[in-house]
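This report takes up a single protein chain, moving from its strand pairing to its pocket and then to its charged pairs. Please keep the sequence and the model at hand while reading.

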Amino acid sequence: MGSTGAEVTGADRQWRLNRQNFAGCWSGTSQWFLRDPTTGVLDLQRPARTIPDTCYAIDFSDADTGTWDGRGLLFAPDGRRRLPLSRASYNSGGSCWQFTGAGGQSSLAVDAAQPRFGHEVNLFSGRSRSMLVLLWAPQAGAGDLWRLDAVAAVAFRCSRSAPADPPRPQLPVAALLAELEGWPGRLETLEPHRWPIDDPDPAACDPFRPADLARHPLTAGFDDGLVCSVPEVLPIGPFRLEVGCRMAHDHFQQVSLVFDGDRRLRQWERRRFSPGAG
């Protein structure tokens with residue numbers, strides 16, 4: 001399908017949302033929380049590495065092609081990587097997902113053949129992009145045990161917009177979630193490899209309850225209003241990963257990644273809560 005034709009597939013819609021969400025020059029300080037190789041402790045209060053000049057420049061030369069140019073990357077050689085983007089090849093494996101104002105990429109299953117089980121969640125508001133990365137690693141000699149190995153949080157702002165969205169105050173997780181108690185919300189869902197052609201109508205969901213997000217003992221907050229609640233060790237059966245962000249005083253987004261009993265990703269759920277959403 002060329003850039004002049006009408007959108008005809010759900011994959012085309014996902015590509016359009018990818019361009020809509022991610023186009024920009026996103027700059028920020030990345031904070032990496034890494035498990036200490038000596039003590040085995042993962043401290044989510046103090047980052048092990050801080051990279052102040054992280055930048056993802058994502059540009060599209062036309063409706064079908066673009067480039068991703070990143071610097072300040074922890075795992076790339078010399079901290080840099082440049083990748084081509086195209087409608088034709090985008091999301092061939094089905095691991096990328098897009099809502100309007102939220103998107104990322106996910107491991108679709110806990111797979112012993114892979115070195116990591118990882119997720120990147122990006123939540124957008126105006127020209128801000130709040131990103132959380134979660135990486136689990138298999139434990140040598142421990143059977144099917146996967147342990148959370150690294151977390152990264154970045155409060156991106158698009159340097160091409162002026163003025164930039166102001167930084168958001170960081171509250172303790174319990175206080176942040178308590179302020180949202182009872183907010184009505186709207187729910188959208190996606191399933192791997194089943195991309196809707198049209199924008200679905202959000203459905204009403206249960207009002208916000210802190211326990212619905214903070215379902216795991218490992219619940220933590222980060223800069224820019226980001227929060228997550230995830231298992232430190234992946235269960236053998238079904239589980240959920242919860243990521244959220246207080247985007248504004250009257251807007252909270254929550255993305256839930258739902259895995260079935262075979263530890264395969266069943267769906268992404270995106271909820272938007274606001275005191276006036278009812």
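Which residue in β9 is the bridge partner of tryptophan 32? The bridge partner of tryptophan 32 in that strand is alanine 152. The model is a predicted one, in which local features need pLDDT of at least 70 and side-chain atom pairs count only at pLDDT 80 or more, while totals for chains, interfaces and linings use all residues. Residues are numbered from 1 along each chain as its sequence is written, and side-chain values use heavy atoms, with hydrogens and water left out.

## Strand pairing

Helices (H or I, at least four residues) and strands (E, at least two) are taken as DSSP runs, numbered from the N terminus, and two strands pair if DSSP finds at least two bridges between them. On this basis, 9 strands form an open sheet with antiparallel pairing, in the order β4-β3-β2-β1-β9-β8-β7-β6-β5. The edges of this sheet are strands β4 and β5 (96–99), each of which pairs on one side only. From one strand to the next the twist averages 15°, where axes are lines fitted to C-alpha atoms (for helices over the stretch in contact) and angles run from 0 to 180 degrees between N-to-C directions. Within the sheet, strand β1 (residues 24–34) pairs with β9 over 7 bridges in the antiparallel sense.

Further pairings involve strand β10. This strand runs antiparallel to β11, to which 3 bridges join it, and glycine 185 has cysteine 205 as its bridge partner in β11. Strand β10 also pairs with β16 in the antiparallel sense, over 6 bridges, and there the bridge partner of arginine 186 is arginine 272 in β16.

## The largest pocket

Rolling a probe the size of a water molecule over the atoms shows where empty space is left. On a 1 Å grid over the protein atoms alone, a cavity is a set of points where a 1.4 Å probe fits but cannot get out, whereas a pocket is an open set with protein on both sides within 12 Å along at least five of seven lines, and lining residues have an atom within 4 Å of a point. Grid points are joined across faces, edges and corners, and a volume is the space filled by probe spheres set on the points.

The largest pocket has a volume of about 1200 Å³ and is lined by 42 residues, of which Trp68, Arg81, Leu83, Gln105 and Glu120 lie nearest its centre. Strand β4 (residues 80–86) supplies the largest share of this lining, namely 5 residues. Sorted by class, the lining holds 22 nonpolar, 16 polar and 4 charged residues, with Ala, Val, Leu, Ile, Met, Phe, Trp, Tyr, Cys and Pro counted as nonpolar, Asp, Glu, Lys and Arg as charged, and the others, Gly among them, as polar.

## Salt bridges

Side chains of opposite charge can pair when their charged atoms come close. With a salt bridge taken as a side-chain nitrogen of Lys or Arg within 4 Å of a carboxyl oxygen of Asp or Glu, the count comes to 22 salt bridges. Three of these pairs are set out below.

| Aspartate 199 | Arginine 16 | 3.9 Å |

In the salt bridge between aspartate 199 and arginine 16, the aspartate lies in the loop between β10 (185–190) and β11 (203–205) and the arginine in helix α1 (residues 10–22), so the pair ties together parts that are 183 residues apart in sequence. In terms of relative accessible area (buried under 20%, exposed over 50%, partly exposed in between, with a 1.4 Å probe and protein chains only), aspartate 199 is partly exposed at 48%, and arginine 16 is likewise partly exposed at 31%.

Aspartate 224 is buried at 3%, and arginine 168 is buried at 14%. Salt bridges that share partners also join Arg215, Arg240, Glu242, Glu269 and Arg271 into one network.

## Backbone angles

Most residues other than glycine have a negative phi, and most peptide bonds are trans. Aspartate 224, although not a glycine, has a positive phi of about 75°. Arginine 263 has a positive phi near 60°; this residue is found in the loop between β15 (251–259) and β16 (265–273) and is buried, with a relative accessible area of 4%.
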